[in-house]
Amino acid sequence: MAILIFVETADGELRGSSLEAVGYGAELAKQLGTQATALVLGTSVAGDKLAKIGNYGISRVLQVSDERLNQGIIQAYSNTLGQIVSSEGIDTVIFAKSSLGDAVAARLAVKMQAGLASNITELPLSVAGGVLQLKRSVYTGKAFQITELKTPNKILALKKNAFAPIPTSDLATVESITVSLSDVDFGAKILKTDKVTGELLLPEADKVVSGGRGLKGPENWGIVLDLAKALGAATGCSKPVSDLDWRPHHEHVGQTGVKVSPNLYIAIGISGAIQHLAGVSASKCIVVINKDADAPFFKAADYGIVGDAFEILPRLTKALRAL
Amino acid sequence: MIGPYDDYALARAVEIKEAQGGTVTALNVGLIETEPSLRKALAIGADDAIRVDAEPTDAYFVATQIAEIARKNNYDMIFMGRESSDYNGGQVHGMVGEMLNIPSLSPVMKVDVDGNVATINREIEGGKEYIEASLPLVLGCQEPIAEWKIPNMRGIMSARSKPLLVVAPVAQDNLTESGRYELLPARSGCKFVDASEAEKLIELLKNEAKVL
């Protein structure tokens, strides 16, 4: 048995959720008594950064140094993984949840005839007899389900915060590996990408601050952004706010938007419709700030403040900066 | 009922058909109780429907059935929701794409077709990608790809006479086994901090909840 962890890159860096997956894979390898290897596609991340994947518990990193893979083209990625899985004798592949990872994992499952479990929330409940018992988030975060993978080949796709690795100073050796790709693999062409840069992204964030209609208009978002900055948090919003174009669509947290599972979720001026709660219920600690004491969100919260956000937020930001 | 994401997918497929011609087939893998959903899809504007008569036991099984039907019918575009609203797997579109060896793209927020080429917006973390791909392809759809369509009376009447073909499934073992469910751990209740001493929240988050 051998484990491969797919490590995604963004803007020349390794993605935080992928490093969690590396830690998860290293721990799973220990439990199964096998080896775990990480895989990076493309050349956008420098070698010294790749070696630091070793901080998360593995000693070997494979890199496919093909510049065409600097763009996340789903078919090219799945064909690359398919070749490496067979040449390296891999039977278990681990992905962090992402728009690319999910898409690649599904295609790879067909190539490997692998059982695929997605939205995994923790280490396996059991690995006895090579059968993995995995806890998954289902019904948009409203429940868990235990899924068993009994197939010889397995693919695990992890939800954010499924594992909290403790980084060491160990470095991994980086080996180059080649695969053979044709034009067909690059048939879906990415013409351009519109993406915010230099901003902490929602799915990656350990802390999230979200605003709702209670903030009255996009011009009032400064106090939300200030609080998020002081916390080192990503910013999100409710569905009405993104529907009204007060905030971009990728910030929409909820049933049909981004589902988050950070350590800290702060909701400001969001009443707590069931569709919003579905996207945040996996958060470890939920704080609700709302001027309406009857807002249903308070029932799902760990901490609450009933009051005026315009008065409270600047005070919280100031208190945080003083820490 | 039709899944929320699948409703978006169906609506966009019908829009493209209405603007550019062609036909839309509504396909479902499910037992007889799912037929009202297919009739609704016909009422919304699909031309015909196919039901694969089987319990949809896992994503791989469902993808195998869809790929089998697609091989026989040579569809140009296969629309589906980005994920189901129960298991949230989001796997079937990718699996079908791989089984048919054609591109699969998800989550798709916009798609237009010109001749044999589709232009697509795919949502990624923090933004979107603009993609160009030749048909055939598989799309996992989400809002705002189209507005949900509500069937009108004429649609409902005509749906009754549109063909709904029932076919037997092809054999495929499940690759995953679904077991028991668990509820989320209950939260211990909301601790309120008075607005006049809002700063106390920061102290609680640091020292009690230990999340700062």
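Student: Which strand of chain A is joined to β6(B), and how many bridges join them?

Tutor: Strands are DSSP runs of E with at least two residues, helices are runs of H or I with at least four, and both are numbered from the N terminus. Two strands pair if DSSP finds at least two bridges between them. Here β12 (residues 189-195) of chain A runs antiparallel to β6(B), joined by six bridges. One residue pair to look at is A:D194, whose bridge partner in β6(B) is B:K128. This is a predicted model, in which local features need pLDDT of at least 70 and side-chain atom pairs count only at pLDDT 80 or more, while totals for chains, interfaces and linings use all residues. Residues are numbered from 1 along each chain as its sequence is written, and chains are lettered from A and ligands numbered from 1 in the order in which they are written.

Student: How many residues does each chain give to the contact?

Tutor: Two residues are in contact if their C-beta atoms, placed from the backbone, lie within 7 Å. The contact takes 66 residues from chain A and 59 residues from chain B. On the side of chain B, the elements that give two or more residues include α3 (59-73), β4 (104-114), β5 (117-124), β6 (127-134) and α6 (200-207). β6(B) gives the most, with eight residues.

Student: What is the make-up by class of the side of chain B that touches chain A?

Tutor: Ala, Val, Leu, Ile, Met, Phe, Trp, Tyr, Cys and Pro count as nonpolar, Asp, Glu, Lys and Arg as charged, and the others, Gly among them, as polar. That side of chain B has 28 nonpolar, 16 polar and 15 charged residues.

Student: Which strands pair with β5(B)?

Tutor: β4(B) is joined to β5(B) by six bridges, in the antiparallel sense. In that pairing, B:V108 stands opposite B:R122. The hairpin of β4(B) and β5(B) has two residues between the strands, and B:G115 there takes a positive phi near 60°. β5(B) also pairs with β6(B), antiparallel, over eight bridges. There B:T119 stands opposite B:E132. This hairpin too has two residues between its strands, and B:G126 in the turn has a positive phi of about 80°.

Student: Why is β5(B) described as largely enclosed?

Tutor: A residue is buried if 20 or more other C-beta atoms lie within 10 Å of its own, exposed if 12 or fewer, and partly exposed in between, with C-beta atoms placed from the backbone. Six of the eight residues of β5(B) are buried, so the rest of the structure largely encloses this strand.

Student: Is A:G272 buried or exposed?

Tutor: A:G272 counts as buried because it has 21 C-beta neighbours inside 10 Å. A:G272 lies in the loop between β15 (264-268) and α7 (274-280) of chain A. Leaving aside residues up to four places away in sequence, A:G272 touches A:L277, A:A295, A:P296, A:F297 and A:A300.
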